[in-house]
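New notebook page, new structure. I want to get my bearings before I go into any detail.

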Amino acid sequence: MNKIKHLNFKGEIMEQEEKGMTLIELVKSMLRRWYIIAISTILGILLGFVLAFYVVVPKYSSSAEVLVQAKDVNDNYTFLESQRAVETLVYLFTSDVVLDQVIVDLGAQGEGLTVAQLSSSLSLSYKSTSLFIRITYTDTNQDITKTIVNQVVVTAKRLADDGVTSPLLQNTFIIVKNGNEGKYASPNKPLYLVIGFLLGAIVGAGTVLIIEFSRTTYRTKEEIEKDLNLPVIGIIPEFNVEDE
């Protein structure tokens, strides 16, 4: 505990230990007001439950895969040339040229869609040691995810094979897996519940700390003796009075 100095009525400088709480006292306070922490934790879990199941709109995703197979100057398929073509093809799938044409090819289903919306919902993943590229489309509409991801792949292949984007991309990849029915992607409901539990417990513990540190009463007889410089000669214990 820190020491603070003050003047008494005689003008003498006296040192007094500043009130504080030990770890044991803090734990006892938490146990004494366990109901505050419990209620706060339950409310946090309920909040996470409501957000996960009723507030946050669920999203679904569908994925398709292509295999890159590029040729060298001798018109032979090689692993090295295919590796070099991977990043170019990744850019191709998200380019405005392809996405503009995807909206056109979708017809009525693409009405209201913009290139920015398609681009933000489209994600691609690949490894430098692999020639496979996975194209994933995520949306709140489960039925349209499969349609759009397949259309993106088909449109990109047609534009590449026809040489519309670049003659260098002709016949550089094949479709090995079409998108299936959209699968549930988010929100992560168990994670919401865990976060709600943790936040509720933290808020409850913080509330108990605020209550304890805002108390102006004495907690122990030692505090009284230090403040008044007088010995405590007796303590009245807590007891319950029962009616006869």
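Below are my entries, going from the whole chain down to single residues.

**Entry 1: the overall look.** First reminder to myself: this is a predicted model. I looked up the secondary structure and found eight helices and seven strands in the protein chain. The chain has 244 residues, and 29% of them count as buried. Its accessible surface is about 16,300 Å², with 59% of that belonging to carbon and sulfur atoms. I also checked how far along the sequence the contacts reach. Taking contacts with a separation of 6 or more, 66% are between residues 24 or more positions apart.

**Entry 2: the core.** Next I went looking for the largest nonpolar core, and 33 residues turned up in it. Which residues have the most contacts inside it? They are Leu89, Phe93, Leu118, Ile133, Ile135 and Ile148. Then I listed the elements that give two or more residues to this core: strand 3 (59-68), helix 3 (79-93), helix 4 (96-106), helix 5 (115-121), strand 5 (132-139) and helix 6 (142-161). Helix 6 supplies the largest share, eight residues. A background note for myself: nonpolar side chains in soluble globular proteins tend to be buried together.

Entry 3: I picked leucine 118 and set aside its neighbours within four places in sequence. What remains in contact with leucine 118 is Leu99, Val102, Ile103, Leu113, Tyr137 and Ile148. Then I moved to isoleucine 133, which lies in strand 5. Is isoleucine 133 buried or exposed? Its relative accessible area is 0%, so isoleucine 133 is buried. Leaving out residues up to four places away in sequence, isoleucine 133 touches Ala64, Glu65, Val66, Val68, Val86, Leu89, Val90, Leu124, Ser125 and Tyr126. I took one of these, valine 90, for a distance check: valine 90 and isoleucine 133 are 43 residues apart in sequence, but 7.6 Å apart in space, C-alpha to C-alpha.

**Entry 4: a hairpin.** While I was at strand 5, I looked up its pairing with strand 4 (residues 122-126). The two run antiparallel, with five bridges, and they form a hairpin with five residues between them. Across the pairing, serine 123 stands opposite threonine 136.

**Entry 5: helix 7.** I followed helix 7 (residues 189-213) from end to end. Its 25 residues reach 36 Å from the first C-alpha to the last, close to the 36 Å expected. Which residues of helix 7 are buried? I got Gly196, Gly200, Gly204, Val208 and Glu212. Their cover includes helix 1 (23-32) and helix 2 (34-55).

**Entry 6: aromatic pairs.** My search of the whole structure gave five aromatic pairs. In one of them, the ring centres of tryptophan 34 and tyrosine 35 are 6.2 Å apart and the planes stand at 85 degrees, so I put it down as edge-to-face. Tryptophan 34 counts as exposed at 55% relative accessibility, whereas tyrosine 35 is partly exposed at 41%.

Tyrosine 60 and tyrosine 184 also make an edge-to-face pair, because their centres are 6.0 Å apart and their planes at 80 degrees. Tyrosine 60 lies in strand 3 and tyrosine 184 in strand 7 (residues 183-186), so this pair ties together parts that are 124 residues apart in sequence. Tyrosine 60 is buried, at 18% relative accessible area, while tyrosine 184 is partly exposed at 40%.

Last item on the page: ring pairs link Phe49, Phe53 and Tyr54 into a cluster.

Technical notes. Residues are numbered from 1 along each chain as its sequence is written. This is a predicted model: local features need pLDDT of at least 70, side-chain atom pairs count only at pLDDT 80 or more; totals for chains, interfaces and linings use all residues. Side-chain values use heavy atoms; hydrogens and water are left out. Helices (H or I, at least four residues) and strands (E, at least two) are DSSP runs, numbered from the N terminus. Buried means under 20% relative accessible area, exposed over 50%, partly exposed in between (1.4 Å probe, protein chains only). Contact means heavy atoms within 4.5 Å. Accessible areas come from the Shrake-Rupley method with a 1.4 Å probe; for residues, only the protein chains shown count as cover. A nonpolar core is a set of buried Ala, Val, Leu, Ile, Met, Phe, Trp, Tyr and Cys residues joined through side-chain atoms within 4.5 Å. Two strands pair if DSSP finds at least two bridges between them. The expected span of a helix is 1.5 Å times one less than its number of residues. Rings of Phe, Tyr and Trp (its six-membered ring) pair if their centres lie within 6.5 Å; planes under 30 degrees apart count as stacked, over 60 as edge-to-face and the rest as tilted.
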